[in-house]
Amino acid sequence: MSSIRFPAPDPAILARREEIVVGLARIVPPGCLVTGLDERRAFETDALTAYRSVPLAVVLPRSTQETAAVLRYCHGAGVKVTPRGAGTSLSGGAIPQEDSVVVALTKMTRVLDVDYANRVARVEAGVTNLGISDAVAADGFFYAPDPSSQLACTIGGNIGMNSGGAHCLKYGVTTNNVLGVTMVLIDGTIVEIGGDWLDAPGYDLLGLIVGHEGQLGIVTEATVRILRQAENARPVLFGFASSEAAGACVADIIAAGIVPVAIEFMDKLAIEICEAFARAGYPLDAGALLIVEVEGSEAEMDAQLRRIVAIAERHGVTTVRESKSAMETAAIWKGRKSAFGATGRVADYICMDGTAPLGQLARVLKRTDEIVRSYGLRVANVFHAGDGNMHPLIMYNVNDPAEQEKAEKAGEDILKFCVEVGGCLTGEHGVGVEKRDLMPRQFTVDDLAQQMRARAAFDETWLLNSAKVFPLEGRAA
Amino acid sequence: MIFAPHSEDELVDCVRTARARKSALRIVGGGTRQALGRPVAPPATLSTKNLAGVTLYEPGEMVVAARAGTPLADVESLVAAHDQMLPFAPMDHRRLLASAGASTIGAVAACAISGSRRISHGAARDSLIGVRFVNGLAQAIKSGGRVMKNVTGLDLVKLQAGAFGALGVLSEVTFKLLPRPESAATLVLRGLDDTRAVDALSRGLGSPFEVSGAAHLPAGVGAESARTLLRIENFADSVAYRLGELQKIVGAGEVLDDAATASLWCDIGDVAFFAGDGRVVWRVSTAPSRAPDFVRLAQRAGPLAHFYDWGGGLVWLAMSAEGDAGAGMVRAVVAQVGGHATLVRAPADVRARVDVFQPLPASVMRLQRALKASFDPDRLFNPGLMYDGV
Ligand SMILES: Cc1cc2nc3c(=O)[nH]c(=O)nc-3n(C[C@H](O)[C@H](O)[C@H](O)COP(=O)(O)OP(=O)(O)OC[C@H]3O[C@@H](n4cnc5c(N)ncnc54)[C@H](O)[C@@H]3O)c2cc1C
């Protein structure tokens, strides 16, 4: 069995399952309530597939009002709730507990309003990340944070995790691009935070809500910023002999006062895996690869590239290849964005998500390799280098419990090292259950207790996604 | 009584003492924004002046950390020497509030002071990536850190930004930085009315040319004729190119060079146009396209001066301090148009009588109170500064 523990389900709640299902059926029509065992299994895990547990029931509300009625019921009945978007969380954030009801927003997928004059869009929380950009693309706009899972993941999940993406170096992550939310509290109260203006009065509740991992309430609608697309964008591939050289080059680009839209990193194994999958023309002879994207007019992109190439040359760059067509650009990004999927075709993996200070990148990469090797496993590195957010993909065999444990141990060692050098446990995937028990590595008892008290200000009863984020021992009320 | 601790440990001791005596604290940094908020006079003052000094500066990582009492000017000049800047260009309140002293980096974080670059580079809260603070239980707490990407645990960093000290005394703050643009210029369109001006700003901001300042100064604000302003900051070649492209979209205008751009945007960000008179000053945040409606409705109630920043989304109003200083009218119009209003400058007796910050719906106020209790159960820090009872 795997090493992360879920709290034991409450037998009294399990025994009341039928009554609870009946209670929910009074609120939502049959098409919005999933009760059969096989159907519920579809919700037993997320993208942290090594862990799973089947919930009591799954509700698919169609509106804020319906969500409020469901939460009011669960609150009254003392039933735990697991908020869920598309279930693509890599940290187990959306994995239910057996004694919980999953509330999944996948029926709330409308783009309610697009306002170009004010550069905002109002959407329901179940709309996909890419769905927002698609809705405004014809008019030359986009929603900036672009997680690789953007085809599937929802804006509600993005808000839950404060998700990032390849282009966040320039445009910021979710928290920098959300202006308002409608959120339902556990007792069914509907609160409106922010709006289509750029700041909100009182304490910055929105700042706390983004990244809350489903613990403060259920977000049903959001107002997000939309931005005008750049005139042109051009990704360029830079091949290096070693990861160290590529890492040092990243630090020097930033130090030179150049902030490209994206700087993505792949090591040798990641290059091979992604090239085999996407045929993007990645240099197979390189020890490490950077994808650097620049934006602007043709002349502006040329000028910025000249600066970047000069820096790369100082680090012994072996290949420089610019995209020459829209098709090439698409292939280059397809390779990067399907890195996890492509790795999944080669082996089972767990994806770590620590962040390290830029100056420590090379050191952390080296140490990552040593750690994983010491457990007799392999690792591919593909990540957002411009902001130091690493993604070692530790490969193992999911059917071999001993190997799974080794992979998890290696992951832990890597994250601890990230914290040691001044970084953090998670840059964008969230704590979930996966990193829950590592929290004391980064935070003191007092730090965690303060976070838990702030959490309890929204959900005194600890019914919302309560198996996550905070170590089970020593929880403050 | 004045506490002025020299270290975070001493700060913890001060708070412990205050807690034992049940004596609330007025937290003071450089004292330039003492007239911001509801007037409160707790028995003791806690000054951050001895908590000073930059603790970390890594130009290659674009990050700076400093103890809360470090003068903002020290941080700005340190990073400027490496051609870097705080992206959000915080407003300096001294001219508007006729205050003296040196603003501190901690106060910039605590009061979430953003400037004109909010529209393109984010607010103070967006650049703030780490805090250390002492809560009302006299515990030193940290949140966030020194790396740009960090979602580990609840984001108490953002919550501290704009809490005006009510959720803890900041002891150290960490900001991310950006390279200082090589060049800047401002396009000036003359003679537009408010609606056409905001429309031009929206078209500029909806262009791919990364407008980093978008303001409209009606006739009589800083000059005789109305000026609509769009700023571009970039490499010199790009500034020239983008100004040309921008004019194809919003119309031709005159161009201000680097120096003129710097001084004009300083005046806009600091609300210098309303300095040195007896009127009260309101700050209204709304959606740009509705801002001219807001002003039109407000003007029906009586004479006022106004101008727009943030592409129209930030409206500054100056009006008579008589009666309720326009509070009833401003809040009624806000309710109609959407947004919120803060009374930024007014005599203390006015700030004692009318709500300074936007009154919140009961459901949201309940959350604010619960949060206050979770950080500062004995209401030691700046009690009542933002809202009565928190
Ligand atoms: C192949 C792959 C690539 C990925 N790439 C990236 C990447 O580049 N960057 C990145 O940041 N992440 C990435 N992820 C992780 C994941 O996609 C994100 O965390 C995403 O935001 C999750 O969205 P979701 O809709 O799937 O939410 P879920 O996984 O269903 O839920 C995520 C969390 O949010 C909560 N939640 C969901 N909806 C709501 C709501 N409406 N109200 C309140 N709480 C809610 C859940 O309880 C849970 O804690 C990737 C995942 C995969 C599988």
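Where in chain B does Trp310(B) lie? Trp310(B) is found in the loop between strand 16 (305-309) and strand 17 (314-319) of chain B. Keep in mind, as we walk through the structure, that this is a predicted model. The backbone of Trp310(B) deserves a look too: phi is near 50°, a positive value in a residue other than glycine. Trp310(B) is buried, with a relative accessible area of 2%.

Asp83(B) is not a glycine, yet its phi is positive, at about 55°. You can find Asp83(B) in the loop between helix 2 (72-80) and strand 6 (84-85) of chain B. Trp310(B), by contrast, is buried.

Now let us turn to the ligand. The shell around the ligand holds 35 residues, and those that come nearest are Pro83(A), Thr88(A), Ser149(A), Thr154(A) and Ser163(A). Sorted by class, this shell has 13 nonpolar, 19 polar and three charged residues. Several backbone atoms face polar atoms of the ligand. At Ser148(A), a backbone N or O atom lies 2.9 Å from an oxygen atom of the ligand. At Gly157(A), a polar backbone atom is 3.4 Å from an oxygen atom of the ligand. How much of the ligand's accessible area does the protein cover? On its own the ligand has 970 Å² of accessible area, and the protein covers 95% of this. The elements that give two or more residues to the shell are strand 3 (80-84), helix 6 (155-161) and strand 10 (218-225) of chain A. Helix 6 of chain A gives the most, with five residues.

From the ligand we move on to the aromatic rings. Over all chains, the count comes to twelve aromatic pairs. One to find on the screen is formed by Phe164(B) and Phe357(B), an edge-to-face pair with 5.2 Å from centre to centre and 70° between the planes. What does this pair tie together? Phe164(B) lies in the loop between helix 7 (156-160) and strand 9 (169-176) of chain B, while Phe357(B) lies in the loop between helix 13 (348-353) and helix 14 (362-375) of chain B, so the pair ties together parts that are 193 residues apart in sequence. Both Phe164(B) and Phe357(B) are buried. Ring pairs also bring in Tyr387(B), which forms a cluster with Phe164(B) and Phe357(B).

Rings can have charged neighbours as well. In chain A, Arg455(A) lies over the face of Trp462(A), at 3.9 Å from the ring centre. In chain B, Arg231(B) lies over the face of Trp265(B), and here the distance from the ring centre is 4.7 Å.

Next come some residues in strands, starting with chain A. Pro235(A) belongs to strand 12 (residues 233-240) of chain A. With 0% relative accessibility, Pro235(A) counts as buried. Ser100(A) is buried, with a relative accessible area of 0%. What lies 2.9 Å from a polar atom of the side chain of Ser100(A)? It is the backbone oxygen of Gln97(A).

We finish with strands of chain B. Arg67(B) is in strand 5 (residues 63-67) of chain B, and its relative accessible area of 34% makes Arg67(B) partly exposed. Arg67(B) and Val250(B) are 183 residues apart in sequence, and their C-alpha atoms are 44 Å apart in space. Val54(B) sits in strand 4 (residues 54-58) of chain B and is partly exposed, with a relative accessible area of 34%. Between the C-alpha atoms of Val54(B) and Gly69(B), 15 residues apart along the chain, the separation is 9.8 Å.

Methods. Residues are numbered from 1 along each chain as its sequence is written. Chains are lettered from A and ligands numbered from 1 in the order in which they are written. This is a predicted model: local features need pLDDT of at least 70, side-chain atom pairs count only at pLDDT 80 or more; totals for chains, interfaces and linings use all residues. Side-chain values use heavy atoms; hydrogens and water are left out. A residue is near a molecule or strand if one of its heavy atoms lies within 4 Å of it. A polar contact is a pair of N or O atoms within 3.5 Å; within protein, one must be able to donate a hydrogen and the other to accept it, and residues adjacent in sequence count only if both atoms are side-chain atoms. Accessible areas come from the Shrake-Rupley method with a 1.4 Å probe; for residues, only the protein chains shown count as cover. Helices (H or I, at least four residues) and strands (E, at least two) are DSSP runs, numbered from the N terminus. Ala, Val, Leu, Ile, Met, Phe, Trp, Tyr, Cys and Pro count as nonpolar, Asp, Glu, Lys and Arg as charged, and the others, Gly among them, as polar. Rings of Phe, Tyr and Trp (its six-membered ring) pair if their centres lie within 6.5 Å; planes under 30 degrees apart count as stacked, over 60 as edge-to-face and the rest as tilted. Buried means under 20% relative accessible area, exposed over 50%, partly exposed in between (1.4 Å probe, protein chains only). A charge sits over a ring if NZ of Lys or CZ of Arg is within 6 Å of the ring centre and within 35 degrees of the ring normal.
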